[in-house]
Every structure is written in C-alpha cells, then in structure tokens.
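Have the structure open while you read.

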Amino acid sequence: MNDREPAVPIGQDDILLLQKIDTICDVFEKAFLLNPDVRLEEFLPDWPHGQLRPLLAQLLELELDHRRQRGDCPEPESYISRFPDFAETISEVFDRCESDAKKSLYSTVEAESNTQIERYHSPSSGLLPGSVIAGRYRIASILGKGAMGEVYRADDLKLGETVALKLLSQDVQAHPARLRMLTNEVRLARTVAHPNVCRVFDIGQSEDSHFLSMEYIDGEDLQSLIRRIGRLPLTKVLELAQQLCSGLAAAHEKGVVHRDLKPANVMIDGRGCAKLTDFGVARKFDGEADSDGLMGTPLYMAPEQYFERQTSPQSDVFALGIIFYEMLTGRHPHHVTSKDDLRQWLSDPVPHAQRETESEEEALIWDTIQWCMQPDPKQRPPGVAAVARRLPGGDPIARAIASGTTPTPQQVVAASNDRMLDPKLAWTVFAVAMVGLLVVAGLWTNLIDKIGLSDSPRALASKARDSLQSLGYNQSPGDEAFGFEIDRDYLRYLTEHQQRWDRVTDPNPPAVRFWYRSSPQALVPRVPDWSGESYLVADTARPAFDTPGMIRLKSDSEGRLLELDVLPTVGMLREGDRGDAASSDFELTEPWERRLLDAAELSNLSDGKLLTERSPELLPSGYADQRKAWELKSSTESHANEEPDLRVEAAAVGQRPVFFRLLGQWDPGSSLSAPNAAGSGTLRVIIILVWFPILVAGGSFFAWRNICRGRSDLRTAKRIARIMFGVALVVCLLKDSHVFSALEFDMLLATLAAALMVMAFVWCSYVALEPDTRRLWPRTLIGWSRLMMGNYRDPVVGRDLLVGAAAGVLVGLMKLLNSLLPLWVGGVSDSFATIVNFSPLMGMRVTLAEMIAAAGFGVLYSFFTQLLFLMLLRVVLRTNLRAGVAYVVFMSLLVASRHHQFWLTMAFTGVEMTLTVTLFMRFGLLAVAVMHFVRLLLKWPMTVDLSWWGADAGLFAVIAIAVLTSLGLYLVLATPTSALTSADSRSG
Amino acid sequence: MEQFDQSVTQWIDGVRSGRDDAAASLWDRYFRRLEGLARRKFGSASRRVVDEEDIALSVFDSLCAGVREGRFTQLRDRDDLWRLLVVLTARKAVDQVRRQTSQKRGGGLVRGASVFAGGDDNMPQSIEDFVAAEPTAEFVALLEEQFAGRLEQLTEPVQRQIATKKLEGESNEAIAQQLGVSIRTVERKLNLIRLTWAAE
C-alpha cells in the first residue's frame, strides 16, 4: 500500500488541471512508445511552478515505469541535473517508486495486489496523550505506527497497569474485513500464554474506534536492535534463539501459525527477554497447509508460502531460520531488491556460513539455520522443538534439571538421545545376545535329553488311557486334563543327599512326572489360584478330587505308572460286592495287583531287584476293599547304598485297582493329595497376609497424593493399565480350561475380575511411582515414554530392546548355569524347578498365552517390584551407588536363601542383580522390562533337535527373542546418532 | 434524509480518496442480486466488449460478465467505481423522491418511490441500509441512466473505455495491457474519472 501525499484538494480547477496533466501524459506516453529517446523537457509547457510540479511528477513516474520495464536503471541524479528546481520532487518520486518496490517486499501484505493502488495518506486517529479511551485507558504516548494503525502506550485505570493499545486507524475502522482481522488476531493471540509471547488481553471499542489491548513491552524490536548494533554476540543469539523457539512452540502447540515472523515482530524487553508480537495475519492451523491468499512479509516468506500461498508451521520455521541468520550476521541472508531477485533467491535460499566457524556452538547454529531454511518444507525440522534441540543447550531435560524442576512427561519424550550405541557396540551386543541364545539352546537340548521327555503330552495321555483300560477302566471320560510336573520333594531329597545328576533323570524314580485326570463331568477349576499354572486351570488339585468316577494318574515321562487314585462309583461298588470280574465287555484274566504292577513295569524285575510283600500302611482317598503293599529292595549289597528303597502301596474295589503309589523316603508319609505346606509357620502366614494390604494401602496413598498435586502422567497410566488389562484377559482366556458348562460363566466372571484387579493395580502403581522416577532418574523413562506414546520406531526404544534382550539372555544363561553347574560338579540343584516352565509345551494356544504373559510379567517385574525397591533404598540411603549395592545384596539374599546351594546362588544372583541395576540406571525401564521378558522366555524347554515333539515352543521362543534383538539392532542402526529422533515427528 | 445524505457523502469521499470502503461483503451480495435481477428482467446478457471502439450499451452486461468471471469477489480496488455509481444513483433517486413528495401530497411519483424496495415509506436511512435491501428493477433502470450520463461526462474515449472495463471488473494491470499503456496511466486516468464523477 502506498502512502501518498494528500495531493489535490477537490475543486473544479483542480480537476481541470488534472485533466490537462492527463492529456500531456498521454501525448508523452505515445511519443515515448514510438521513440524511447524523447526527452521530458519537450513536454513541459509554460506553467507556473506550482502546476509544473505535479506534471513533472506524473511524467517522471511514467517514464520510470516504462524504462524499468525495458530493463533500464535510471538514476535520480541525471534527472536532478536536468531539472534542478524540482530536485525534491524528483527524489520523492524515486523514493516512492523504489520504496514501493521494496515496501512490497518488506511490508506485511494482506492480499495479492499486482497493481499499486493510489492511496492517500491515512489520517491518524489523532489521539493526544491524556485522552481516555473506553473510560478505562489513558493514553500516555505513541509507540509506533503500523500498517493497520497506531500503537500507544496507555495506563489501564482500572487495574493500574501499563498496557499497549493498538488502534485501528480511522479510515480502516469502517472496513469489516479489518475488524475481522483484528478480532481474529485477538482470538488467536489470546490462546497463547507464554513468557516469550506478547500477551494480548482484549479487544475494545471506544465510540467508533476498535482497539486491541496487549502487554506493554518496554524495549525495542529486534530489527532496530540489529540495525543499531549489527551482529549480536553468540551467547545472546543462543539465548534469544531458545526463547523464540519456546514462544513459537507455545503458539504451534495451540495450533496457531504466525505467518509473519520477522525481526520487526520480535520485541526485546528491558530484561533481554524476547517476545513474539503481531499475530495480525496468524491463523489456526489444523493439519493441512492452508492457502488463503498471500499473507506475510515477502522477504521472510518460505518458498511454498510465496509461490503457492501455502502456510504451515514449517513456514514459520523458515522465517525463524532467517531471524537467526540476521541475529548472527546483522543482515538479511540475501541482498534482494526486487521481486525477481526474491523469486530467484527462494529457489535456493539455503545460506552458507560466511566464514570459518570459530566454535562448535557456532557450527551447530549454522547447521540449524541451514536446516530451517531448506526449500522443501518436508526437509525442514518437523517442529520447533526439534530446532530447539538442535541448538546448543537445547535438551529439555537438562534444562529442567538445571532449573530444579521435574521434567514433564512431554519433556522426557522430547529429550535428546544420549548414551546411544555406536554401530560397532551395537553389533557387539547383538552378537553377544545371539551367541548366548545358542549356548542356552544347547544347554537346554542337553537337559531335555537327560530328562528324556520323548513323548508328547498327548501321547502320554493316550498311554495313560491305555493303562487305565488295562486296569479295567474303559469308559470314555467326560473330561480330561493332563500336564507335566516336577517332584519337588524328591529334588530336595536328592539335593540334600548330594545325589548325582543322573539320579534326577533316572526314570526310576523320576523328578519330572506326567499327570492325567479324568472325570465323568467337566473338570471346572472353581477355585482361582495365582500360584499355579494360571488363574483358572485344571491341575492335580483343582477341581478337588471329590466326584465319584474321577481318576487321577501319574506316570513318568515314558508312561510307566507311578500313582493312581480313583474315586469309586456306586456301580463299581456293586460290581465289587457281586464279585464279578469286571464289566461285561472286558475279560480280566489276571488279578488286579498283577495288572497294576504291569502298568508300573514292576512285574518283571531285573538287576537283582526284589519285590517283597509287606503290610499296607496307606489308605486310599476313597473306598477300597482290598489293600496290598510291597517293598522294592536290591538283592545285592553293592547297590544298597546308592539306590534308595522304594515302597509300593496299592488298593482295589472288586477287581479294579483304585489306588497305587510308588514311594521313596522323601515322600511325606501320609500325603494322598497335593501338599499344602505353604501355609504353615506363623511368621510366614503373617508376612503373606500382610504384605499385600500394605502394598495396596501404600500405593493408593502415594497415588492419591500424586494426583492431587498434579504430578502424575495420567495419560500413560491409563494406557498401560488398559494394556495390562488386555494382557491379563487374553492370557487367562487362552490358558484357562474352558468347558462347555454353565460354570464357564462363573469362570469368565472370575477372569474379568482378575483382569480388572490387574488393571487397577497397574494404574495405581504407575501413578504412585512414576512421578518420583521422573524426578530422580528422568532419563530412565525416555525409551519407555516414547514407546508408550506410540513411537515404536524410535532409536532409543531400539537401544533398550537390544540391550535388554542381550541382558536377558545373559541372565537366563546364568540362571541355567546356576542350576546346572552343581550337577556337573557332582551334586544336584534344587533350583532346577525354578528354571523350567513346562506349560508352553501344552499346545499352541498355551504357548501364545505364555508369551503374552511373559511380556506382561516383564513390565510388572521391571516397574513395580524392582523399581519400588530401588526407590525405597535410594530414599533411605541417599546415593545411587549405595542404593544399588544394597539392592543387589538384598535381592541376592532373598533369592539365595530359598536354595540349597547358598553361596553359588548368591554369586550368580549377585551378578544378575548387578546387571539389572546397571541396566536400569544406564538405559532405563524399558530395557529392564525386555530383560525380564527374555529371561522368562528362556525358561521354556528348547532344543536344536527339531524332531522333538515340543520343539515348536522352544523354537517360538528363540525366534521371538531373535526378532526382538534384531529389531532393536535395526532401529539403532537405522537412525544416525546426530540426526533427529522419531519423537520429533510426533511431539514436534 | 439527512442521515442518508451524510452517509452518501461519506461513501463518495471514501471512493474519491481511494480509501477502502466498508461492507465489502454487503457489496458482494448486492452485486449478485443486481446480476440476478438483471438476468431475470433483461435476459441473460453476456456480451463482452471486444472492440475498443465499442462501448457497452448496457452497464449490466459489464456487471454480469464481471460477476460471472468472479471478479468482484476479492480485490477491493476493482469495485470502487461501481460503488460510486450506485451511490450516486441512490442519491439521485432519493433527491427525486424528496422533490416529488414535497411537490405533491399523497401519492408520490411511482417511479421514484419504487426505486427503493419496500416503497416510499421505507426509504433507507443510510447507504448501508440501502445496499442491504433488495435492488428493484426500477433502480436498475435508474442506474443505467446514471451510467449513460456519467459516461457522457467523460470527455476522452479512452477514459470511457477504462471506466467501462473497470465496471466489468478488470484489474488495472489487465486494462493497461489491453489498452497498451502503462499502469500509471490507467491509475492516473481512473483517479480522474473518480474525481470527475464525484465532483458534483
């Protein structure tokens, strides 16, 4: 827009004059078009000076226009020498023409105007200091003049503060588009409240004038500052740059794009604080680049803004880059004087450093500037936060810590990546994990070989059915259940007596057993039990052995009978009474005890073993009318010490056996059903009963407190709670025994209740613990937070995956070694039971459930158990080092005390716990969770011999771990260390 | 009446000094209504001025063409001549009605009164009111009259061309190109046209 002098008062004479001038100009133009060498002088009539002046002005403008179009660059001096009397006019004309050209580059444009419209000077609102506006503001002084009006300093009489008022100038008042823009400015600017943004308070009206009230900033704008002192010192540049980033980020967060960023719109107040002002052409940005007209200042427009009228947060970032450049060098990146120049520059706007950068910080700033000023918006930083991070001193966590505040969850996510692994290290870790995995697989293969699980559960179940048939039970059962178990009493006995390893694997008697149950009705485990296989799974103890017709059978891994329990039915009793041999369709030729001993393969003994009769001592759980017992002794003396003595007890109803036991010295004498020894001992009972309520109460208290203080990250808590709910639900649904019975409903209800409890527990714990973790060790939450926010391609996440998996492999390996070493050396380790998890072998459904459960447990263990301990210790012992040591010692003691080989276990667990603590402190929560996941997975029996029936499960586990580790490696390698993280693309 | 005159003066001043005027959207709507009216009453007139010797016989051709090309939507500098024309016509109409009602008692001149939608009793108080109301066919006829008269006022044929083209909504640049002169000339002459018309 041009400001022109009020040229002509309107009167008839003036119109006549204008007409005359017009005529002369026409003639001149026609002549000029024919012959460009015509001279102005020829067209000047003999008029008074006052009339000649406007004529000359018009003619000159005309000539300049035409000559410029031809590419000439006329100079004012030549004209001044020709018309010395009109020197002023000539300079004015030149200034106007040039400033028109430049102004259109420098001044904020609101719409396209290819033509320049004659505008007369807009009359000022003419407010004098002292006048009161809207009954509330008293004008103090004028601060400046803008395109839309003037800015005054005023006192707010109501609040007693100094404010700045931006008034719409009179001529602009009546235009509703202007008013609309003002209202828009106020509305948008008001949503941004930030120390680096000039606060806008309100819009007001006084008589017919509208005005905007905003924060009064006692200082000057950046443009005048730079003009005054040139280049700014580096520290100042960094400081202001960070402040600008903060302010702009605040605006972008509210969805507001400024679109007119330039040094003139940056105010520096008395304390040196930068503030963004003038949201006059701002707009709300809703995700798509908008094109609603050419808005902004041409010299600061991004290419897509200038050429395609598309604005987005990236175009603001471009302008930011230019501002940084100006602060650093004192001038605009390019010497642009016309629109063509501008167009050319915008096709390649990236500036190069002018001189050798003196410091690393300066190099970083240049780097940032170049990044911001990329012509393609997609190549620029995806958000202002990325710019801030690239600048030296831009890590939000470091800043938060330096200022003594707790970083917010967003700051944690936005933190810079440090402690990344360089490619060599990453490959090394990967290699360690893979090698460890192979070693573990090898050890397992060896172990399985020794245990001798050569038959699958189904095959063994089929063998059990065959045994039962041979014993006289040939009715198809209503429902079946079966599985593997470990005879812990036997193991303990072996350990205590320092027996050799092959004792364990010696099939007679074995430590790993197969159990089988059948029942005429559905086997519905009505009682939930967390310590067992899963929540609601049928096992040896649930449902209770109480329905007539129920059969429970245990065999070794090859199908030899070890135990039998049958609850006789009425039918069986009647048969027994009648003395019939068996049911009609079965010929029983042998007496029942022979059949039993056949099934137990005790009939034809070798190796000098003898079966001698003795009096029975045990009672069956049901009813029996005949009882027998034997002793298994070795005849020769040499074996007597090595092999323990075994007893055989049996009973029958009629001709059908209902009871059988193969017992050693280790079996508790009167046990007929699963022992329930866990409940004994007053101290133990107290601890068991009390620890959970304490945990719940304490957790709830802390959670409540954190919520009240607004410290918690409720969003992530909700998310993780929901995930764990899903995990619990899925695991239960997959693993539990489902029956086609009305009782299934009860079971589902119980499952739902359990999942809900898990969810509540997880949520409560997260809310209670996470804020303090964020306060004490914010870096440990980086990978975790990013994953929770959905950035699963993030390199920090990858790092945690890789390192956690490797650590998990090592820990699993150590646990295996802990159990196996004593065996190789000549003893038995009773920790064998804790390193094996047989359930994945029971079918694909269960395998899947186990894997999901392992993931869930990984999270639970990592966060809740260990974190809690660590934190408590930290609070008590004050330093990380002491807390870490105490943790290691305490946990090792806790674990080792349960095992016979105390010192060995202590050593191995010590290493494991140290690894855990180091992993946590150095890498983070996510790494620890992954470690636990992998460790749990390594408890699955696996083998390199793929023909084994259970090879699937182990293979699944190995593949899962390998995939996880490879994924971690890939994520780490895929993103170079110095570049931005994928967190930028989301949280920007 | 006084108010109306006042607002008219304001508007004319505004156009004269080349300031932006208010109520851009009002004018937008007004133009479209005018166009709609023209089409209904006068048939679809889409003749365009091709020959520079040929001056548009109907100012409505210009308006219709311009509106259809979408020229009156965005840029304010394109319609100030229009507004001037309409404002002048409105003023003329009000003057007429005033004269008629002062001369006669009772029924006023049919023509004058029905210029304003709603009849004699609802004469607009200001130009804004006027623009906000529906244009009537009678007003359109009056407008044509004004236009013809105003064109007569312009002495130069070039000025008449420029005025016509401007009323069609062409930009200054386009006019300059079509006439083979510089933009400065177009601007200068436009200024003159405005002053001439507003001078009364």
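In chain A, six strands make an open sheet, and going across it you meet β1-β2-β3-β4-β6-β5, with antiparallel pairing. Keep in mind that this is a predicted model. At the edges sit β1 (132-133) and β5 (200-206) of chain A, each with pairing on one side only. Further in, strand β4 (residues 161-168) and strand β6 (residues 209-215) of chain A run antiparallel and are joined by five bridges. If you want a spot to look at, find A:V163, which stands opposite A:E215 in β6(A).

Now for the helix pairs.

| Helix pair | Angle | Axis separation |
|---|---|---|
| α16 (residues 423-451) and α31 (residues 951-974), chain A | about 175° | 10 Å |
| α8 (residues 157-168) and α10 (residues 183-198), chain B | about 90° | 10 Å |

With angles over 145° counting as roughly antiparallel, α16(A) and α31(A) are therefore roughly antiparallel to each other. On the α16(A) side the contact uses A:P423, A:A426, A:F430, A:A433, A:L437, A:A441 and A:W444, while α31(A) brings residues including A:G954, A:V958, A:I961 and A:T965. Sorted by class, this contact has 13 nonpolar, two polar and no charged residues.

Over in chain B, α8(B) and α10(B) are roughly perpendicular to each other. Here B:V158, B:Q159, B:I162, B:A163 and B:K166 of α8(B) meet B:V186, B:K189, B:L190, B:L192 and B:I193 of α10(B). The residues of that contact split into seven nonpolar, one polar and two charged.

Which residues touch the most other members of the largest nonpolar core? They are A:L802 and A:A805, in a core of 147 residues. Helix α26 (residues 795-825) of chain A gives the most to this core, with 12 residues. There is also a second, separate core of 71 residues, with A:L168, A:I217, A:I322 and A:Y325 among them. Back to A:A805: leaving out residues up to four places away in sequence, A:A805 touches A:A433, A:V930, A:V934, A:I961, A:L964, A:T965 and A:G968.

One last stop is helix α21 (residues 592-599) of chain A, where A:W592, A:R595, A:L596, A:L597 and A:A599 are buried. Their cover includes α17 (457-470), β15 (561-566), β18 (646-653) and β19 (656-663) of chain A. Just past α21(A), A:E601 has a positive phi of about 55°.

Key:
Residues numbered from 1 in each chain as written. Chains lettered and ligands numbered in written order. Predicted model: local features only at pLDDT ≥ 70, side-chain atom pairs only at ≥ 80, totals over all residues. Core = buried A, V, L, I, M, F, W, Y, C linked by C-beta atoms within 7 Å. Buried ≥ 20, exposed ≤ 12 C-beta atoms within 10 Å, placed from the backbone. Helix = DSSP H or I, 4+ residues; strand = E, 2+ residues; numbered from the N terminus. Contact = placed C-beta atoms within 7 Å. Axes fitted to C-alpha atoms, helices over the stretch in contact; angles between N-to-C directions. Parallel < 35°, antiparallel > 145°, perpendicular 65-115°, else oblique. Nonpolar A, V, L, I, M, F, W, Y, C, P; charged D, E, K, R; others polar. Pairing = 2+ DSSP bridges.
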